[in-house]
Amino acid sequence: MKNRNLYESFKTASQGIWYTLVKERNMKIHFAAAAGVILLSLWLGASRIELTVLCLTIAMVICFELINTAMEVMVDIIVDVYHPKAKIIKDVSAGAVLVSAFFSVAIGWIILGDKLINRLIILLKYF
Ligand SMILES: Nc1ncnc2c1ncn2[C@@H]1O[C@H](COP(=O)(O)OP(=O)(O)OP(=O)(O)O)[C@@H](O)[C@H]1O
């Protein structure tokens with residue numbers, strides 16, 4: 001079965017994202033964190049380049065989670081019993097998400113940490 005046109009391709013890709021968002025708890029966390037980071041960056045007055053780096057970082061984590069979900073479904077189609085290699089595939093794939101999430105937190109802190117602390121100090125002076 002092949003997508004007939006660009007609209008069909010867009011629709012099926014969106015369904016893939018929606019499936020992952022509904023089924024995977026971690027994807028909900030990634031989306032919530034992404035929304036939080038973008039709002040925080042706007043509030044802290046992040047520069048365009050900083051916002052660009054943060055958007056790339058968010059995209060990296062979400063893409064790895066999408067691929068991880070695809071890997072899990074693919075493994076489940078191929079094996080429906082315990083298999084050590086199925087475990088390796090799923091664990092490695094989950095590891096990719098973990099590494100990207102860890103570094104995204106580090107990047108977020110490097111970019112926004114100082115601004116956040118300074119803003120909080122200013123706010124605390126009012127009280
Ligand atoms: N067929 C299998 N054979 C061996 N181990 C498996 C198998 N299916 C799952 N596992 C193990 O269980 C873990 C969880 O697998 P599951 O398919 O439930 O993913 P998940 O809980 O959605 O993971 P994630 O938190 O990465 O989204 C895998 O990382 C793997 O270690």
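**Walking through the helices and the ligand shell**

Reply: Happy to. Let's start inside helix α3, where the buried residues are Leu54, Thr57, Ile58, Val61, Ile62, Phe64, Glu65, Leu66, Asn68 and Thr69. Keep in mind that this is a predicted model.

Me: What do the buried residues of α3 pack against?

Reply: They pack against α1 (6-23), α2 (25-43) and α4.

Me: And how far apart are the end C-alpha atoms of α3?

Reply: They are 45 Å apart. That agrees with expectation, because 31 residues at 1.5 Å a residue should span 45 Å.

Me: Let me zoom out. How many helices and strands does the chain have?

Reply: Four helices and zero strands. Along the sequence the pattern reads α-α-α-α.

Me: What is the radius of gyration of the chain, next to that of a compact globule?

Reply: The chain has 19 Å, whereas a compact globule of 127 residues would have a value near 14 Å. Along the principal axes, the C-alpha atoms fill a box of roughly 60 × 40 × 25 Å.

Me: How much of the chain is made up of buried residues?

Reply: They make up 16% of the 127 residues. As for contacts with a separation of 6 or more, 70% of them join residues 24 or more positions apart.

Me: Switching to the ligand. Which residues are around it?

Reply: The shell consists of Glu24, Asn26, Asn68, Glu72, Val79, Tyr82, His83, Ala86, Lys87, Lys90, Asp91 and Ala94. Two elements give two or more residues to it, namely α3 (48-78) and α4 (84-125).

Me: Which one gives the most?

Reply: That is α4, with five residues.

Me: How do the shell residues divide into nonpolar, polar and charged?

Reply: There are four nonpolar, three polar and five charged residues.

Me: What does UniProt list as "binding site"?

Reply: Its unreviewed entry lists Glu24, Glu72, Lys90 and Asp91 under that name.

Me: Let's take them in turn. Where is Glu24 found?

Reply: Glu24 sits in the loop between α1 and α2. Setting aside neighbours within four places in sequence, Glu24 is in contact with Glu65 and Thr69.

Me: Why does Glu24 count as partly exposed?

Reply: Because Glu24 has 17 C-beta neighbours inside 10 Å. A residue needs 20 or more to be buried, and 12 or fewer to be exposed.

Me: And Glu72?

Reply: Glu72 belongs to helix α3. It is partly exposed, because 17 other C-beta atoms lie within 10 Å.

Me: Where is Lys90, and what is it in contact with?

Reply: Lys90 is in helix α4. Leaving aside neighbours within four places in sequence, Lys90 is in contact with Met71, Glu72 and Val75. Lys90 is partly exposed, because 15 other C-beta atoms lie within 10 Å.

Me: Now the "active site". Which residue does UniProt list for that?

Reply: The unreviewed entry lists Glu65. Glu65 lies in helix α3.

Me: Is Glu65 buried or exposed?

Reply: Glu65 is buried, because it has 25 other C-beta atoms within 10 Å.

Me: What does Glu65 touch?

Reply: Not counting residues up to four places away in sequence, Glu65 touches Thr20, Glu24, Asn26, Met27, His30 and Val97.

Me: One last stop. What about Met60?

Reply: Met60 is another residue in helix α3. It is partly exposed, because 17 other C-beta atoms lie within 10 Å.

How values were computed: Residues numbered from 1 in each chain as written. Predicted model: local features only at pLDDT ≥ 70, side-chain atom pairs only at ≥ 80, totals over all residues. Near = placed C-beta within 6 Å. Nonpolar A, V, L, I, M, F, W, Y, C, P; charged D, E, K, R; others polar. Rg over C-alpha atoms; globule rule 2.2 N^0.38 Å. Contact = placed C-beta atoms within 7 Å. UniProt positions renumbered as here; feature names shortened; annotations may be inferred. Expected span 1.5 Å × (residues − 1).
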